[in-house]
Structures are given as structure tokens and as C-alpha cells.
Number of protein chains: 2
Amino acid sequence: MHGAMTAPYDALRAHFRDVALLGSTSALLAWDQETFLPRGGGDRRAAQLALLATLAHERATAPHVGEWLARCEADATALVDDDARANVRGWRRDYDRATRLTAALVAELAEVESKAQQAWAEARARDDFRRFQPWLLRMIGLQQQKADCLRHPSQSRWDALADLCEPGMNAADLAQWFGPLRQRLVALRERLAGGRAVDDGFARVAIPEAAQETFVRAVLAAMGFDAKFGRLDRSAHPFCTKVGDDVRLTTRFHRDRVLDALGSTMHEGGHGLYEQGLDPAQFGSPLGEAVSLGVHESQSRLWENHVGRAAAFWEWCWPLAQRHLGAACQGYDAAAIHRAANVVRPSLIRVEADEATYDLHVMVRFEIEQRLLDGSLPVDALPSEWNRLYRDYLGVVPPDNRQGCLQDVHWSCGLFGYFPTYTLGNLYAAQFAEAADRALGGLAPMFARGDFAPLREWLRRHIHRHGRRHEPAELCRLVTGSALSPEPFLRHLEQKLGAVYGLA
Amino acid sequence: MHGAMTAPYDALRAHFRDVALLGSTSALLAWDQETFLPRGGGDRRAAQLALLATLAHERATAPHVGEWLARCEADATALVDDDARANVRGWRRDYDRATRLTAALVAELAEVESKAQQAWAEARARDDFRRFQPWLLRMIGLQQQKADCLRHPSQSRWDALADLCEPGMNAADLAQWFGPLRQRLVALRERLAGGRAVDDGFARVAIPEAAQETFVRAVLAAMGFDAKFGRLDRSAHPFCTKVGDDVRLTTRFHRDRVLDALGSTMHEGGHGLYEQGLDPAQFGSPLGEAVSLGVHESQSRLWENHVGRAAAFWEWCWPLAQRHLGAACQGYDAAAIHRAANVVRPSLIRVEADEATYDLHVMVRFEIEQRLLDGSLPVDALPSEWNRLYRDYLGVVPPDNRQGCLQDVHWSCGLFGYFPTYTLGNLYAAQFAEAADRALGGLAPMFARGDFAPLREWLRRHIHRHGRRHEPAELCRLVTGSALSPEPFLRHLEQKLGAVYGLA
């Protein structure tokens, strides 16, 4: 039976390697679009991406995939090993989902995503919510249809969509974490407002972009990002993508925002280390893929915040900064930069938010998108509800929709159930960082001497190498010994920021 | 009937747009490989390219293409217009060729091309012809099989392969041009050797690469290369490729070879203007494609040599060079640079050859590849035969095979019948330049004031916009009023170089 069973498994591996070759080719098309594509090339690029997406979907839903899966499952004990069983489970999950969507719905979604995103970009540029409103309405309708294709009878639409981003995530679990988290974060924000004034002038010192670039490249190399299998370029919005075997990061530079360039680079570098840590021999198989958006975000936030905003990190990094940034560093020291990197200041824009208020931005979106999907919030009430929640959670009120409900691209391109993975990323990051600190006998001394290899290898061994072997919740228990909890994250913030702001 | 006939035509257009989307996606994969791909990404890149090639070949040879073509041809008068008829003719030619090759042969060729090229690169690096010999033998066997699939009973194998590069090209016509051309070029080379000494020291002056880059970018912009639909990067071997609607050029910089950087940029810029001049509305159809490799090369050589090596061009370009290159220009003037750019010096390496000896390199290869294909030259006799012909035609003898028969990549990747298109390009370029000069009332005064628009638009109107509407030979007659002849090229060389070398 063994020989008879490996045949369909081998067929699945070869088939999904081809699907992944198409996917990674799309990744190059998308990367190029954000980095080097001349502006006249956009229309044809959209057509190339649409064709590749169609070809990949056709292959991912081919009937013989179902037959091969059934043959593997009919005698699962005959599969070679645990790896093979994990891959078959992953393919099964993907196949059942993909085949539940009709080709017509997939095509309509692709078209409306592209058009709604253009309408959103125009609406945002002109601060004209009503220009986006009909497209948002149509997109919500399509997402409801999509959720209805996917959901189990007892599952809400939001949960069905969220499960695509984070396997096992649901609104009830999130609400359980988010309730206390919000209270503690709001309380922390109010307490810090009564602390000492923290000078973050360094964040706005003018420094030539070329100097910033050599500096952040040195930090990225120290993190252990492998330039043989990756590169760093520039784009308006930093991102990380994998093109086959090589991992491409982007960052951004502004003359007067060196800490933004560093934070963006370390954030994307964390994503990149995850991608470089996946097993290349499992290319195209679930074991060679990231387990979830939340865990992916945990890797970026861990390097950005638990490393890059740690006092010990700046002991090592400050001499490096002085070497690369020169005169701009005069009058500062490592402790001052550590404080500057940890200033808390409630703001209107999520992507510019500090570590302590970021998740309050996420919670606004989490509440709103559930109600948009279940119909209890009419689309035309979105701006006022958005502003009301910002006042409640962050104590700030957007002066216009551009800095309010039009700031994020996500809903225009059909990403519902996505935002909470940012907060899950923060929670996972803190819990993983605590576990690593425990297991490695204290990370701070390593950071202080610029030795990031132990942390990186620990993450690789405990998280990256597993790909999609475990559910995210299970992975968290295996890595940290406990279920996911907001406590490590709150401990981390309260300790670090309490010290920065001189609170008892 | 009209409505019934447009349906299969529309189907063909849509079908081949998709094929072209796949082709242009492959072009991006290949461009990235030569410019930005991290070195660890090579293996997966080869797999991506192989998959895309297979998908494109499947589509290009799909049986319904044959049915649509037959329906269009059954009542050709019912096709909408001449454009439609020209496209159907082009698709028919491509389809008949593609379907004559078996899938097995296509797959074996793809594999051996990749492996033989790697063997060639190693053999060249170690100057070890015997390492390449078995692969060349195998490649010749495959090319013979391919030619046998393609050729008409009366056609030679070489002619069948050459026709893929240059529709209508055959060895008999070439021999008719090449015989007298070789005699006149050898005579010219000998005459110039007796002329005055020409100082080309400027070609070797040390100039920072950044300064060279702003200089060549200024020249490229003046040529009219449209940056909205194109870009210029660097690679080891300069090339031009089209990625959908945008055209990507590369060039190279060496501190002490500014004229090489300029020549490479203008050469690739000429290719780029051709690609930008094709009708984007005909994307995927023969009317939107370059007519032949020879005509493509004519555009690059025209800009590189008839513009970039003209005395009038340097009247305009020298102040520009002084502005960008600074102190390096001291002690020279426009006339001196024009002479430096036109030095003739027989050499061993084709890609470094001057305008007067370049075609002698091509003729060596043309003679040898015919005899390799018809079996009259055994592979192990290639090095000695190569060296004998170099002594005869160029008066130089390669000291090793690296600078001899191992210098070019072409044969290793199956490009037989390709080399002569370089010389056709030179002949077409001279004949087109003469015709443009006549039609526009003298190009030199335009060049002297940096006004390249009239020439560019003339080329666009008479050559680029037609795509594959005409056979190359017919296009030449339409554009210049005469059949292709080596006379304009020889006139151009003898006049210009005679003046440079102070001959009567």
C-alpha cells in the first residue's frame, strides 16, 4: 500500500510546486509594481496579475487535486511520515475553501477589488467619502456572499473571513482579549500623559538619506537577514514578499525621520527572517508556508519593538548610528534615543502609531467591520461611527475622513477580518519574546553586544521551521507553554514605558 | 458573413493577448535575473521560466487556434481590414512552426539549452573547449532535428533555423552580400592601417561612474526614449526587453570606458525606441511585434553608429559631455572625440569590435555554423578552424579559446542562424539612414543641434508602426526604395573612416 499511496502524494507535491511557481511569479510582478515599474506600465501589469491569478486558481481547484487528496486520506497511515500528513491536511483545507467559491464570484471579486481600490485612492485624495461609498457597499455585498460560501452554519460571516487570515481566529475569542486589553491600554495612555516629558527631537533631525540607508542596512545584516537570498529596496509603503527562494524587503527614507526608516526596516526584516526561515525543500507545500498573518506579524513586531525599541539594543546600536549618521548624533546618547524611540502620543493614523496606542486603532476597525458585515452599521454612518470610536479609545477626533475612515486600503481590496491579526501579532510577539528570554537566559546582554543569532535561531527552530504544521493557537502553546494571553504584552509595555516616562 | 468571421478573429486576438501576457511575464523574470535577483534565487528562477515557457507553448499550439485560423482563412475577404489579414498571416506562420515541433523536442531543447549554457560558462572560464564539446555536439544534433521538423524539402537546415530569426533570410542571399562585403571590409581595414595615427586616449580616461550615468541618461532622454514607459538599469551584458507596455534597457559602466557606456546606452536605446514605437493597441498580435532580429538590430546600430559616431552629433554632445564629465574633458574637443569614437583596430572579441571590423567577426561565425549543421566541420575541429578564419579575415590569431571560439553564448543556447542578423542590422541601418537623410533634407544639421525628433518620428512612421505587416525584405524596399544592398553601409564607412584616418 505504501508505494500506491506515495504516488498521489508525490503528484500533489509536484502540482502545488507549480502553483507556487505561479504564485511566486505573481509576487515578482507585484514587487516590481511597487518598486521599479514605470508609471505607464500599470494597466498591462494588472492584466498580467489577473491572468496569473486565474491560472493559479484553476490549478488549485482542479478536480484531480480532490482525487489525489481522497486517495491520500483513504489510507492516511500509508503516508510516509508526519510531514506528509501535515501537508495533506493543509492542502485539504485550502482545496475545500477554494472550491467552495464559484469561478464567477472569484472573477467578480478580482474586478471589484481593482476598481474599488482605485475609487478609494481617489476618494482619499479628495477627502470625499461619498465617492467610495457605493464601492464599499458593493464590496461588502460580495464579502457577504464569499462568507456565505465559506462558513459553517453556526459560524458568523466575519468569523468565516477572519479564519482565512488567521486559522482558528473568531470574534468571541478576540473580544475576550480585546476587552481587558483596551481598558489597560486606555489606562496606560492616560497614566503616561501624566509622566515626565520625553524629548523625541532626534526622530526629526535632518540626516541625508544615503547615510540612513547604510545605517539601516548594517542593522539588517546584524539581524542575520541573508543577502544571498534577499534584498532591500525602497517603496512608498514598506512591505516584504518572497519571490521563489529570495525574500524582498522594502523600506522608506525621509530626511527627517531616521527612526521611521529604522523601524520600517527592522519590521520588514522580521517578516523576512520568517520567510527565510521556512524550509525551502517544502516549497509549494503547507510545511513551507507561513502559518498565519498574526504569527507573521509577530515576527515583524518582535524585531521592530522588542529588539529595536529595547534599551539594551541601543547600547549596541548607538555607536553604529554615530558611525553612519555622523554629526546628527551630537548631543544625544543611547538612553536618550531609547526614550525617543518609545514616545507615546495618541494620533490619527494607524501606520504612524506608537507601540502603546497602535492596538486601539485596530480595535476601532474590528468593531466597525463586524457591524458592516452583519448589517447593523449602515455604510453611510461609517464616518461618524469611526470618529466616535476614535474619541472614545484614543481621545482624538479626525478633522476629516482622509485622516479618518479613508486612511486604510484594506476594505477597498476586500480585506475584512484582517486588522485584528495586527494586534494578535503584538500579543504573540510579547509572549514569544518572554519565552525566548526565559529559554536563552536573558536577551538583553545579547542585544547589548549586537548578538542576535541566538534569538534568530530560536525563532527559526521553534516557529519558522514548522511552517503550517500546527494551528496558530497550538503553536503558541508549544512555543511558550501557555495559551495566547494579553498579559505578556501589557507587562512589556507597562514596564518599559513606565520607566521611559518615569512612573513608579 | 462579416459577423461570423470577426468572432474567430476576436478569439485569436484575445487568445494571443494572453500568450503575450505570459511572454511579457517571462520577460520580467529574465530582466530581474540579469539586474536584481539575489544569487541564491537562480534555481527557482529557472523553474519559473521553464513553467511559463511550457504554458505559453501549450497555448500557442492549442488545436482551437488552428480552427480559428482556418475559419478566418476560409473567407479572408470577410476579415475587417488589412490589419486583420496581416495578423492572421503572422499567427498562421507562428502556429505552423510551433506545431511542427513535438512537445518532447521542445522540452529536451529547453533542458539542454540550460545545461549546455552552464557547461559553456564553465568551459569559457577555464579555457577548456573539451568541457563544452560534448554539449555542443548534442546541441547540434537537436538543432538538426529541429531544422528537420521545420524545413521545406528543398530548404537547408541552416536556412530553416535562420528563417526563425529573420523571415526570408537564407544562406545564398547572404553569401551574395557577404562575399563583396568581406573583400571591401578587409581592403578598408588594410587601407586604414596605412592612415594617420588616431588618438583614442579619451576612451580610457578615468571618470566616476555616477558622472557617466547622468551623461548617458541625458543622451537617452534627448533621443526621445520615453521614461513613462521605460527605464534604464545596469547589467553585465547590456540588453533591451519589453515587459508588457514598458521597455527596459540596461547598460554598463567602467571607470575608464566612457565611450563604451555611451555606445551601449545608445545601442540599447535604439532597440528601446523600436519597442516603444510598436502599436500598443496591437499587443499580442503580429502587428504589435518587431518584424525581425535584423531590423531590430538596424535600429540599435543606427543610433549607436550613424548618430552616436557622427561628427555632427559630437558638435551637440561635446558641451553636454563637458557639463557632466567635467575635468576629464580638458585637452579634448568635439572633433577629437569624434575621431576617438571611430578608431579601427582589429581585435579578437566581437562585442568589443569597431564599426569597420565587426562584420568580419560575424562572417567567421556564419561560415562555421553552416558547416557544423551540415556536418562538414567536425566539432573537434572548431577551435583550429575558428583561428584560421580570424587570421584570414581580421589578421589576428586568438591566443586561447576563451578569446576564440568560446567567447559567445549563442550556440550553447541553441541560437544557430542568429549571427548574420547582426550584419543585416548594419546593412539595414546604413540604408535606412541614407533614406532618412534624403527624406528629411539632411540629418547632420539636426544632430548638430540635438534635434533627434525628426529622425525618431521618421523611423516610427516608416518602420516601427508596421510591426510584422511586411516581410523584412519588402519593408526595406518600401522604406528605402531599393532592395537591401551593402553599398550604403560601405559608402558610410569608407567616407567617414577615410576622413578620420586622413585618406584621400
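Strand β3 (residues 246-251) of chain A is mostly covered, with 6 of its 6 residues buried (under 20% relative accessible area with a 1.4 Å probe, protein chains only; exposed is over 50%, partly exposed in between). Strands here are DSSP E runs of at least two residues, and helices are H or I runs of at least four, numbered from the N terminus. This is a predicted model, in which local features need pLDDT of at least 70, side-chain atom pairs count only at pLDDT 80 or more, and totals for chains, interfaces and linings use all residues. Residues are numbered from 1 along each chain as its sequence is written, chains are lettered from A and ligands numbered from 1 in written order, and side-chain values use heavy atoms, without hydrogens and water.

**Strand β3 in chain A**
- Both faces of β3(A) are covered. Asp246(A), Arg248(A) and Thr250(A) are buried on one side, and Val247(A), Leu249(A) and Thr251(A) on the other.
- β1 (residues 230-234) of chain A pairs with β3(A) in the parallel sense over 5 bridges (pairing takes at least two DSSP bridges). Arg231(A) has Arg248(A) as its bridge partner.
- β2 (residues 240-243) of chain A runs antiparallel to β3(A), joined by 4 bridges. Lys242(A) is bridged to Val247(A).
- β2(A) and β3(A) form a hairpin with 2 residues between them. In the turn, Gly244(A) has a positive phi of about 80°.

**The sheet in chain B**
- In chain B, 3 strands form an open, mixed sheet in the order β1-β3-β2.
- β1 (230-234) and β2 (240-243) of chain B are the edge strands; each has a single partner, so one side of each lacks a neighbour in the sheet.
- Neighbouring strands are turned by 25° against each other on average, direction ignored (axes are lines fitted to C-alpha atoms, for helices over the stretch in contact; angles run from 0 to 180 degrees between N-to-C directions).
- Helix α9 (residues 209-223) of chain B lies across β1 and β3 of chain B, at about 155° to β1(B).
- Helix α10 (residues 258-277) of chain B packs on the sheet and touches β1, β2 and β3 of chain B (contact means heavy atoms within 4.5 Å). The direction of α10 makes about 165° with that of β3(B).

**Cysteines**
- The structure holds 0 disulfides over all chains (cysteine sulfur pairs within 2.5 Å).
- Cys317(A) is in no disulfide; the nearest cysteine sulfur, that of Cys329(A), is 9.6 Å away. Cys317(A) is buried at 0% relative accessible area.

**Two copies**
- A rotation of 180° with 0.0 Å of shift along its axis superposes chain A on chain B, with RMSD 0.0 Å (least squares on C-alpha atoms of residues with pLDDT of at least 70 in both). That is the relation of a two-fold axis.
- The same surface serves both copies: 100% of the contact residues of chain A recur in chain B.
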